[in-house]
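Student: I am new to this structure and would like to learn how to read it. Can we take it feature by feature?

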Amino acid sequence: KYIYSRLWRYLSRHKLLFALAILMTIATGVLGITGTSLAGKAIGAIAGEGDRGVFFYVAVMALCYTTAAIISYTRSVIMLKLTQNMVAKMRSDVYENLVELPVGFFDRRQAGEIVSTISYDVNTVSETLAHDFLQIILSAVTVVYSFVLMLTVSPTLVGVFAVTIFWHERSTASWKQKSAPRSEILAFAPV
């Protein structure tokens, strides 16, 4: 909890840019899935279903994917600038804290170890913010929006899917529980 509050202190200086990047991530996910869902309608149009032609769906798909690519590129630039500013402030704070440390701290540790630890930790935070955090949001958007689209296509199929997942999870847990005593016995068997 303490780490998150300190990290938020750095992020809060750029909260508008960060919120914009999150919104752009959501828009990218929605546009990507919308473009994919339009592929089914385009195939249906080839088969003569629907009231629009195949070229309409292909044009809308191209528009969705192009817009998603532009938004994704813009988001990457925004996150790059945000993380660069954040990392610069973090490094400045680390330097200010290092200057305040007693000389005994530096006598007990090698300079390379201190520099390596600081560089690695700051770069890890930077990479996590620039890529991993937004990827988690994009994955969540993909799952939720895909589920909504599945419900619009066939609620019955979603019901079958949910029952199958529930049954699989339950049977896997049961199987693990039943096979645990056997695995303990086999662990001691000579090979």
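Tutor: Start with contacts: two residues are in contact when they have heavy atoms within 4.5 Å. Keep in mind that this is a predicted model. Among contacts in the protein chain between residues at least 6 apart in sequence, 77% join residues at least 24 apart.

Student: Which elements make up the protein chain, and in what order do they run from the N terminus?

Tutor: The order is α-α-α-α-α-α. That is six helices and zero strands.

Student: How many of the residues count as buried, as a percentage?

Tutor: The protein chain has 191 residues, and 22% of them count as buried. The cut-off for buried is under 20% relative accessible area.

Student: Where do nonpolar residues gather into a core, and which members touch the most others?

Tutor: A nonpolar core is a set of buried nonpolar residues joined through side-chain atoms. The largest one here has 17 residues, and Leu11, Met79, Leu82 and Met86 touch the most other members. At least two residues of this core come from each of helix H1 (2-11), helix H2 (15-46), H3 and H5. The most come from H3, which gives seven residues. A second, separate core has six residues, including Ala42, Ala45, Met61 and Cys64.

Student: What does Leu82 touch beyond its neighbours in sequence?

Tutor: Once residues up to four places away are set aside, Leu82 touches Leu11, His14, Leu17 and Phe18.

Student: How do I read a salt bridge, and how many does the structure hold?

Tutor: The general idea is that side chains of opposite charge can pair when their charged atoms come close. This structure holds one salt bridge. Its partners are the side chains of Lys89 and Asp93, at 3.1 Å from N to O. Both residues belong to helix H3 (residues 54-100), where they are four residues apart, about one turn of the helix.

Student: Are Lys89 and Asp93 buried or partly exposed?

Tutor: Lys89 has 27% relative accessibility, so it counts as partly exposed. Asp93 has 13%, so it counts as buried.

Student: What about Arg75, and which residues does it contact?

Tutor: Arg75 is also a residue of helix H3. It counts as buried because its relative accessibility is 13%. Leaving aside neighbours within four places in sequence, Arg75 is in contact with Ala21, Met24, Thr25, Thr28 and Leu134.

Student: How many aromatic pairs does a search of the whole structure find?

Tutor: Such a pair is judged by the distance between ring centres and the angle between the planes. The search finds one. Phe56 and Tyr57 form it, with 5.4 Å centre to centre and 75° between the planes, an edge-to-face arrangement. Phe56 is partly exposed, with a relative accessible area of 37%, whereas Tyr57 counts as buried at 10%.

Student: Which residue lies over the face of Phe56?

Tutor: Arg52 does, at 4.4 Å from the ring centre.

Student: Where is Thr142, and what does its side chain reach?

Tutor: Thr142 is in helix H5 (residues 111-153). At 30% relative accessibility, Thr142 counts as partly exposed. Its side chain reaches the backbone oxygen of Leu138 at 2.8 Å. Thr142 also shows how sequence and space can be read together: Ile26 is 116 residues away in sequence, yet the two are 8.7 Å apart in space, C-alpha to C-alpha.

Key: Residues are numbered from 1 along each chain as its sequence is written. This is a predicted model: local features need pLDDT of at least 70, side-chain atom pairs count only at pLDDT 80 or more; totals for chains, interfaces and linings use all residues. Side-chain values use heavy atoms; hydrogens and water are left out. A salt bridge is a side-chain nitrogen of Lys or Arg within 4 Å of a carboxyl oxygen of Asp or Glu. Buried means under 20% relative accessible area, exposed over 50%, partly exposed in between (1.4 Å probe, protein chains only). Rings of Phe, Tyr and Trp (its six-membered ring) pair if their centres lie within 6.5 Å; planes under 30 degrees apart count as stacked, over 60 as edge-to-face and the rest as tilted. A charge sits over a ring if NZ of Lys or CZ of Arg is within 6 Å of the ring centre and within 35 degrees of the ring normal. A polar contact is a pair of N or O atoms within 3.5 Å; within protein, one must be able to donate a hydrogen and the other to accept it, and residues adjacent in sequence count only if both atoms are side-chain atoms. A nonpolar core is a set of buried Ala, Val, Leu, Ile, Met, Phe, Trp, Tyr and Cys residues joined through side-chain atoms within 4.5 Å.
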